[in-house]
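Thank you all for making time this morning.

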Amino acid sequence: MAEIPVLKIGDCLLVSIQVDMHDRLAMELQDDLTNRIVSERARGVMIDISALEIVDSFIGRMLNNIAAMSRVLDAVTVVVGMRPAVAITLVELGLSLTGVRTALNVDKGLALIRKAIDDPGGVLGRR
Amino acid sequence: MTQGGCLVVDKGETIAVRTSDDVVRVRQAVRARAIEAGFGIVDQTKLVTAASEIARNTVDYGGGGTLLIEIVREGTRRGVQLTFADNGPGIVDLKAAMTDGYTTGGGLGLGLSGAKRLSNEFSIESVPGKGTTVTLARWKL
Amino acid sequence: MAEDHATIIPQLLAENEQTLLRDWMESQKKSGARRGGQISEMELSEASRRLLAALRGGAATGQFADITAPVWDQSRTVLEDASRSHATLGLTPSETATFVFSLKEPLFALLREKLGKDPDRLAHEVWIATMLLDKLGLYTVEAFQKTREDIIRRQQQELLELSTPVVRLWEGILALPLIGTLDSARTQIVMESLLEEIVTSGAEIAIIDITGVPTVDTLVAQHLIKTVAAARLMGADCIISGIRPQIAQTIVHLGLELGVVSKATMADAFALALRQLGKAVVDRGPARQEV
């Protein structure tokens, strides 16, 4: 069981990363989320990183993996609350978050998920 | 008013980099030194992120090693210099290792090249079978 | 001439502190070190006392050649503090150096008193004292310069920040009118201000207007692209406006890919932003005349 709490809001899962994670914790989170998407039939995953002061390539890979896995399970992943310094650094680092949508905060993130679920551009449409 | 471009070390500390918990410790220690050296938030973040990349390499590929954090001065500018050293298997093809996307371990392949982009100065020495040393520095302008 | 000889200076400094302090203050006053009352008598006296104590410590080691050595750390610190406050008050570097140089008169007087009968030794001691005080005097000038440079740099920074205001155009729409050249340093600050404002205001769209930017080359384009990418990572979109025809040509000519929607005018960009947010400007018919 991961030490990072995962909440359920409607058909969305919400994770708020508060600690500076070491690698094992990040991997546990990845597994935990994937399991919960299936068990809770979640359509959306929101990852709140507003408390993260650092996002390096390992965390970036974790986010990409979560997004990829949730997409396979027909769920949308949104990352919210990225800090300016982190964004600037990620651009410099050359890291791109593929398949990850972003929003400024939890409210906008939920709205984004809602929109993506309700209006995906056709039942089997491309996102 | 430069003192002939010589590097003066104001303060240094060495920490072990052996486990993934150490990688977290590395981030905290580098952050503290960067703040001490008067870095703004963006420079702090860039330096700590670069350190995180190399620290992880040291743990995952270098079999563990050490990090020397130094606050340095060159003339009127102040900065932080990081020296990672391990006695691991070394890197056979340095040039390839420094290109984006190259990875032998399933990572994103951004560790070395990314850290270099985030630093003002970057140098790497590696002898296959002996070990690897990475030195990087960031200056407060 | 060997510089680390046994010298009576440490002893002199230790035994005659009060006298030296008094005479030095006199000498400083004569040369106008208080600058017409800008520096209080007490401050001057305190700084002088601290320097004498520090000099005593350094001189006791007998090492006068290298004032960057640790034994002179305390002396240098006192001088740095003095220079810094002088620079902030707007004094000249000479006035600051005078603080140190005016110690020569009383010190030489003391030496003459003790060694008057031994001209060779007197010459030797005077030489050591002069060398030391000269080096320290020059050091205050350097420290003074550095403080001035720091002040200038800080003011430049403030100027930069003032000249890149981020405007809240509408709920959820920010505008960043860029004026002047976009160099690396300026772009950093601009980028940070915009991104911080995006967080604070919760704006999802930022219009970066480059009407006031004279030239757009590969470097400027790179800065813009990085800013746009960072904003997108945070969850906001950018529109670039103010693209003059010549700029459009340059961009195509250089093969630059901005990767973001760009418009000729801010008005066009604003209209686009409103549409994006699902808002519309409605014509409510002719304005009613109040009778």
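Predicted model: local features only at pLDDT ≥ 70, side-chain atom pairs only at ≥ 80, totals over all residues.

Among contacts in chain B between residues at least 6 apart in sequence, what percentage join residues at least 24 apart? The figure for chain B is 67%, where two residues are in contact if their C-beta atoms, placed from the backbone, lie within 7 Å. Residues are numbered from 1 along each chain as its sequence is written, and chains are lettered from A and ligands numbered from 1 in the order in which they are written.

Let me stay with chain B, which has 4 helices and 5 strands; helices here are DSSP runs of H or I with at least four residues, and strands are DSSP runs of E with at least two, numbered from the N terminus. Read from the N terminus on, the elements of chain B follow the order β-α-α-β-β-α-α-β-β. The C-alpha trace of chain B spans about 45 × 30 × 25 Å along its principal axes. Its radius of gyration is 15 Å, which agrees with the value near 14 Å that a compact globule of 141 residues would have; this radius is taken over C-alpha atoms, and the globule rule is 2.2 Å times the number of residues to the power 0.38. Of the 141 residues of chain B, 40% count as buried, where buried asks for 20 or more other C-beta atoms within 10 Å of the residue's own, exposed for 12 or fewer, and partly exposed for a count in between, with C-beta atoms placed from the backbone.

Now to the strands of chain B, where two strands pair if DSSP finds at least two bridges between them. Strand β3 (residues 77-86) of chain B pairs with strand β5 (residues 131-140) of chain B in the antiparallel sense, over 9 bridges, and within this pair R78(B) stands opposite K140(B). Strand β4 (residues 121-127) of chain B also runs antiparallel to β5(B), joined to it by 7 bridges, and S123(B) has T135(B) as its bridge partner in β5(B). The strands β4(B) and β5(B) form a hairpin with 3 residues between them, and in that turn G129(B) has a positive phi of about 90 degrees.

Next comes the place where chain B meets chain A. The contact takes 22 residues from chain B and 19 residues from chain A. On the side of chain B that touches chain A, α1 (20-36), α2 (41-60) and α4 (111-118) of chain B each supply at least two residues, and α2(B) gives the most, with 9 residues.

Chain C has 11 helices and 4 strands. A compact globule of 291 residues would have a radius of gyration near 19 Å, but chain C has 32 Å, and its C-alpha trace spans about 105 × 55 × 30 Å along its principal axes. Of the 291 residues of chain C, 32% count as buried.

Which strands stand at the edges of the sheet in chain C? The 4 strands form an open sheet of mixed pairing in the order β1-β2-β3-β4, and β1 (167-170) and β4 (237-241) of chain C stand at the edges, each with a single partner strand, so one side of each is left without a neighbour in the sheet. β1(C) pairs with strand β2 (residues 173-179) of chain C in the antiparallel sense over 3 bridges, and V167(C) has A175(C) as its bridge partner in β2(C).

I will finish with one residue, T147(C), which is found in helix α7 (residues 119-162) of chain C. T147(C) is partly exposed, because 18 other C-beta atoms lie within 10 Å. Leaving aside its neighbours within four places in sequence, T147(C) is in contact with S83(C), R84(C), A87(C) and T88(C). T147(C) and T88(C) are 59 residues apart in sequence, and their C-alpha atoms are 7.8 Å apart in space.
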